[in-house]
Amino acid sequence: MQGVHPSRRPVVARHAAVFVVASVLAASTCAAAPSRSVPSDLSVPSVPSVPSDPAPLASAPPPSLPPPPAPPSLRTAIDAAWRAHPGQRAVEAGLAASRARLRAAERPLHNPELEVARDDGGAETTTSIGLRMALDLADKRGARRDIAGARVDLAAAEARLRRREFVRAWLAGWADTRAARERVAAGGDRLALTARFAGLAARQFDAGDISGLERDLALLARDEASAEQSRLLVEQAEAEARFRSVGGQPDDVVAVVADADDLPPPVPPSGELQALPDWQVAQAAATVAEREVVGARRERIADPVLGAYGGRKRYDPGGPDDTVYGVTVTVPLFVRNGYRAEVAAAEAEADAARAEQERVRLALAADRRRAVDSYAAARSAWTGWRDSRGTDVSRRAALLERLWREGELSTADTLLQLKQTVDTRLAGAELQARLWRTWTDYLAATGRLEAWAGLEAMP
């Protein structure tokens, strides 16, 4: 609307200026106002509660105590590897980006606009200046702030998941590298034993105590051990390469002092999933999807634009002039596009996020049971191997050599039992590596891996 002041007095200009300033201040107050009440269909849907495994009919077992922390040398090696790994820098950068987006979402949604106009209509010339600003009546700023806050939680959960996966991969690489080195050492002992036995067989053949077939059998065993040793060396190089790819150093295998015998027995899980980063990621993603539905609904509400202006109108060159002032209100009409498709898409994505959350819950429950059973089986097998007398290669080799010299064992039987003894030692190295891997999976499935490794306070 527009009006021409009839009196043409200077005081009118002051009244118009006051009116313009008051209008702009009112608009700024509306735009910068905190969260406002909105219609009920725009309220934030409540986030579903975290489901847990069904409780048994019997009384639930008492909560299990956390396992003792990892050895200091192992904690130091993992901490140093994580700090030097590019994944740690990527995690920090992602968290910083999400927090910056949250700060951006907390800022006012609209900025004022300065408008300067001049209308030269022949005999009449109008010059005016004004301010305009859109009003966030639907609190879109609050919805975007809530979405950004949920994305910060999602980034934090993803950072923890990435950190846990790093610890799991590092420990698996460390266990495989240590097992590969132990297997190389066992293979070296086997090669030395078969070479010594081949030398004894050659001397026995020269003395006429054994046949040429037995001597050749001993030489074949030595050659086979040499070929197997080369294969073990290749496997060691491959294991060390995998360990380096996750930030490990082969020297860590020697520096870390950790005994598999110190690993405690498994305990039944408590039944809660909230501590697992996998669940936290799925829950945070569902929360983001729910809040995006609210944001899509509020985007369907138009933001009116309020403006105020003031100026001068001159009728004739050199003639009298009038003060011009006015207020404008502009309301967008969502007629051609009502933005309903965006709401439908956000609702569908929220349904998908809830379904994914349920899938993750089922997968975590099954994986946790698998991890507990696998660790229990590996620990039982390791205990049986450790207590077996057949794993002492030196003692068995000396006994077999004595029986062979006395003629109580043939060359074929001696070589067969010697091979079985060395294979048992090689299997023990692999069994110990499997025990460490299942222990790592057990801690990850019960939400204790980061605390055990000493990385729970890092980003």
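Modeller: The axes of helix H5 (residues 212-245) and helix H10 come within 10 Å and cross at roughly 15°; helices here are DSSP runs of H or I with at least four residues, strands are E runs of at least two, and both are numbered from the N terminus. Axes are lines fitted to C-alpha atoms, for helices over the stretch in contact, and angles run from 0 to 180 degrees between N-to-C directions. H5 is therefore roughly parallel to H10 (under 35 degrees counts as roughly parallel, over 145 as roughly antiparallel, 65 to 115 as roughly perpendicular and the rest as oblique). The crossing of H5 and H10 is right-handed; a crossing is right-handed if the near helix is turned clockwise from the far one by less than a right angle, and left-handed if anticlockwise. On the H5 side, contact (heavy atoms within 4.5 Å) involves Glu214, Leu217, Ala218, Ala221, Glu224 and Leu232, and H10 contributes Thr411, Ala412, Leu415, Lys419 and Leu426.

The model is predicted, with local features requiring pLDDT of at least 70 and side-chain atom pairs pLDDT 80 or more, while totals for chains, interfaces and linings use all residues. Residues are numbered from 1 along each chain as its sequence is written, and side-chain values use heavy atoms, without hydrogens and water.

H10, residues 411-445, also packs against H8 (340-386). The axes of H8 and H10 come within 8 Å and cross at roughly 150°, so H8 is roughly antiparallel to H10. H8 passes H10 in a left-handed crossing. Among the residues making this contact are Tyr375, Trp382 and Trp385 of H8 and Leu431, Leu435, Trp439 and Tyr442 of H10.
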